[in-house]
Amino acid sequence: MTTTELSQTEGPASGVKRKSRRATLLIDGDVHPSYNVQQMAPWLEPDVLARVREFGLHAHGVPYPRVRNGAMRLDSRPEEGHELEMVQRQLLNEYEENIGILIPMAGHHWGAERADVAIPLCHAINEFICKEWLDPEPRFFSTLNVPMEHPEAAVQEIERYKNDKRFVQILMSGTAESEIGDKKYWPIYEAAEDAGLALGVHEGANSRQRMGVGYPSYYLDEHVGMHYTLSSLALSMICEGVFEAFPKLQVVSIEASISWAASLQWEMDSAFEMLGRELPHLHAKPSEYFREHFWFTTQPIEEPDDPNDLVVAYELTGMLDRIMFSSDYPHWDFDSPSRALPATLPTDVRDAILGGNACRLYGLDPVTAKRR
Amino acid sequence: MTDIIRGAIDTDVHVEPPSIDALRPYLSGYWLEYLRGARSQLGSVYGPSLPTSARPEAREAGTFPPRTYEALLAQLLDPYEPRAVILNSVSTFLAGQNPYYQAAICRAVNEWLRDELLDKDARLRASICVPLLDPEAAAAEIDRLADDRRFVQVLLPIRSDTPWGNVRWRAIHDACARNNLTLALHAWGGPATTPTWTGYARTYFQDYVANAQLIAPPQVLSLVIEGVFVRHPELRVCLQELGFNWMPSLMWRIDKDWKSLWRETPWVNRRPSEFIAEHFRATIAPTHFPSSATASDVAAIARFLNAENFLLYASDYPHDHGDDGTRLLLDVLGEAGREAVLQGNAEKFYDLQLAPTG
């Protein structure tokens with residue numbers, strides 16, 4: 001159940017049976033709040049806002065027209081000032097979600113601006129998220145935005161919020177200015193590990209990407225191809241020894257599908273058998289770092305003709321206990337909590353994907369939904 | 001090391017001219033003078049010190065890959081008696097950024113292949129080397145050689161600065177199609193391409209893994225979604241030295257997005273995975289399975305991929321990809337599937353017109 005049109009039929013009136021025998025919380029690992037620079041005004045120095053208004057922002061993605069409705073669900077156009085109410089109604093209440101993890105992706109772009117703009121903008125959106133989303137709705141947790149191309153300032157931003165339990169992970173872009181495993185970013189990894197925060201890496205990125213291939217012409221191509229930013233990131237972090245240096249660091253691959261992870265592990269291990277001498281700082285097979293440090297969110301869930309093939313493909317990753325449900329609300333390819341997962345998943349695995357795994361990663365109590 | 005199977009059709013064997021001097025008979029006066037001053041040599045993406053560049057017996061032979069017919073005979077043709085072999089000379093990937101020099105070197109290497117190898121053994125076939133920075137010149141080189149049916153495909157590196165399905169490359173698509181030649185995408189890239197999504201590899205390990213894991217999937221998407229197979233319903237693409245166990249995941253994902261986004265590219269008028277199954281094949285060397293992979297791992301991928309139709313045997317001689325599960329793969333395919341992968345698929349895909357086996 002993935003298309004915009006079909007999801008509209010899933011309203012309360014359609015008589016969809018909710019899953020009542022759920023043994024764990026339902027946690028949605030990828031919910032997108034909207035935002036714009038103007039909304040950041042209360043937390044910005046007037047001269048910063050004026051400069052941004054006059055001269056614009058510069059770290060852009062590459063635009064691909066979304067054909068219809070700007071990549072949003074057709075029914076997700078709130079009246080001004082009523083977005084929170086819409087998300088509560090269409091997502092949290094409709095599906096009885098206990099927790100939604102917000103992923104405002106400002107840091108991808110704002111975090112790569114010049115320091116005197118990047119730092120205040122990333123701070124402003126964290127304050128905006130607190131005020132507009134976390135304060136009024138306790139079912140939301142969020143991802144912290146940091147100016148990742150200015151690691152010292154990013155560390156300060158992590159320090160500032162590390163005791164606010166509502167922030168569960170730190171947003172990193174898969175397409176950094178340097179290779180993501182570069183020591184430039186290690187202060188961020190160190191601060192994340194110290195604070196017990198995961199890194200959340202959502203697909204979607206700046207224009208510095210696809211360097212070995214080039215840009216496709218169409219959104220259909222770009223949207224699927226972008227998964228490989230996550231493969232590139234995993235390869236870089238493992239090879240550069242990030243997980244030797246930060247053995248507790250955890251990385252969440254968000255909205256990048258999952259089944260590629262078996263192939264990546266096989267090839268890394270196969271190559272390591274021939275080329276391992278080049279990586280003397282690694283003390284385990286690449287797949288072991290991958291399995292011990294990476295997590296996934298499910299949306300956009302792969303849809304083989306036989307849904308059971310996806311169960312097999314998940315098993316091949318060896319990471320069933322690191323897969324977390326996500327809907328990607330309010331985007332066009334929303335996955336429904338009640339319908340997206342293959343029916344043949346064993347019940348315990350299904351419950352873990354719907355909530356148990358996220359509880360483990362984010363330190364959430366599986367009964368009270370409180371964060372430790 | 002990678003297993004070499006006797007008596008098969010081997011769709012990826014590497015050869016190179018012994019030196020740039022061996023190309024002198026095929027170069028004009030201008031290029032001879034250019035080379036004399038520039039001291040250029042043939043490039044290599046397989047450095048001699050790298051463990052993956054040569055199997056032990058190739059290393060013992062001194063130079064690798066084979067640079068003469070005699071070396072190819074001694075190292076591969078005599079010991080393994082392949083029914084047919086497709087020769088790849090990938091040094092032209094690194095023939096600099098001067099499009100005219102690229103064209104001259106590719107033409108020279110193609111003539112060298114013809115004189116020094118194809119003319120000496122009826123089992124040999126070859127890929128056409130083409131300049132990568134001038135699609136019209138590439139098309140002209142394809143047209144020039146196309147009547148010689150011993151050239152069975154056109155060789156491009158998997159890495160590019162613009163995806164291979166893009167309209168910028170239409171002259172190459174069209175030349176392959178009008179001459180009934182397969183388009184081969186082979187691991188590695190030209191001198192100005194990078195392996196990771198954000199730039200440089202810091203290790204050979206990353207460089208090596210990137211070909212299949214980071215670069216090949218988006219190239220497949222590009223060829224399908226840009227409509228290359230709608231314009232050319234008979235065009236075939238062979239993925240060489242790029243593995244295949246990443247393909248099922250890609251097929252599931254692109255089919256899913258297509259169900260909703262088809263309006264953007266209405267010429268993609270069937271499920272994208274159907275275009276992939278119909279128009280693409282992949283060579284089996286390397287399989288990219290580690291020694292820890294189990295028969296059930298390999299069997300699952302083989303089933304998802306319909307591997308008995310999709311895969312073509314290759315030794316990738318002289319490269320060594322370790323204990324990569326070639327035998328495990330052939331075993332899980334069953335008798336008929338194994339025979340198809342070892343011979344039948346390639347014979348049909350390339351229309352090789354071989355004498356029947358005795």
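**Two chains under the definitions**

Student: What makes strand 1 of chain B mostly covered?
Tutor: Six of its six residues are buried. Buried means that 20 or more other C-beta atoms lie within 10 Å of a residue's own; exposed means 12 or fewer, partly exposed is in between, and the C-beta atoms are placed from the backbone. The model is predicted: local features need pLDDT of at least 70 and side-chain atom pairs count only at pLDDT 80 or more, while totals for chains, interfaces and linings use all residues. Residues are numbered from 1 along each chain as its sequence is written, and chains are lettered from A and ligands numbered from 1 in the order in which they are written.

Student: Why is strand 1 of chain B called an edge strand?
Tutor: Take the sheet first. It is open, with eight strands in the order 1-2-3-4-5-6-7-8 and parallel pairing, in chain B. Strand 1 (9–14) and strand 8 (311–312) of chain B each have a single partner strand, so one side of each lacks a neighbour in the sheet. Strands are DSSP runs of E of at least two residues, helices are runs of H or I of at least four, and both are numbered from the N terminus.

Student: How do you know that strand 1 of chain B pairs with strand 2 of chain B?
Tutor: Pairing requires that DSSP finds at least two bridges between the strands. Strands 1 and 2 of chain B share four, in the parallel sense. I9(B) stands opposite A84(B) in strand 2. Next along, strand 2 (84–88) and strand 3 (124–129) of chain B run parallel and are joined by three bridges. There I86(B) faces R125(B) of strand 3.

Student: What is the strand order in the sheet of chain A, and which strands stand at its edges?
Tutor: Chain A has an open sheet of eight strands, ordered 1-2-3-4-5-6-7-8, with parallel pairing. Strand 1 (27–31) and strand 8 (323–324) of chain A are the edges, because each has a single partner strand. Inside chain A, three bridges join strand 3 (140–144) to strand 4 (167–173). L144(A) has I170(A) as its bridge partner in strand 4.

Student: Why is P151(A) called partly exposed?
Tutor: P151(A) has 19 C-beta neighbours inside 10 Å, so it counts as partly exposed. P151(A) sits in helix 6 of chain A. Leaving aside neighbours within four places in sequence, its contacts are K184(A), Y185(A), P187(A) and I188(A). Contact means C-beta atoms, placed from the backbone, within 7 Å. The C-alpha atoms of P151(A) and P187(A) are separated by 6.4 Å, though the two are 36 residues apart along the chain.

Student: How are helix 5 and helix 6 of chain A oriented, and how do you know?
Tutor: The axes of helix 5 (115–134) and helix 6 (151–161) of chain A come within 11 Å and cross at roughly 20°. That makes the two helices roughly parallel. Under 35 degrees is roughly parallel, over 145 roughly antiparallel, 65 to 115 roughly perpendicular and the rest oblique. Axes are lines fitted to C-alpha atoms, for helices over the stretch in contact, with angles from 0 to 180 degrees between N-to-C directions. Among the residues making the contact are I119(A) and H123(A) of helix 5 and Y161(A) of helix 6.

Student: What makes up the chain A side of the interface?
Tutor: 56 residues of chain A are in contact with 67 of chain B. Helices 8 (219–225), 9 (228–239), 11 (260–275) and 13 (307–317) of chain A each supply at least two residues of that side. Helix 11 of chain A gives the most, with twelve. By class, the chain A side holds 26 nonpolar, 17 polar and 13 charged residues.

Student: Which residues of helix 11 of chain B are buried, and what do they pack against?
Tutor: In helix 11 (295–305) of chain B, D297(B), V298(B), A300(B), I301(B), A302(B) and F304(B) are buried. They pack against helix 13 of chain A and against helices 9 (247–261), 12 (307–310) and 13 (326–332) of chain B.

Note on methods
Contact = placed C-beta atoms within 7 Å. Nonpolar A, V, L, I, M, F, W, Y, C, P; charged D, E, K, R; others polar.
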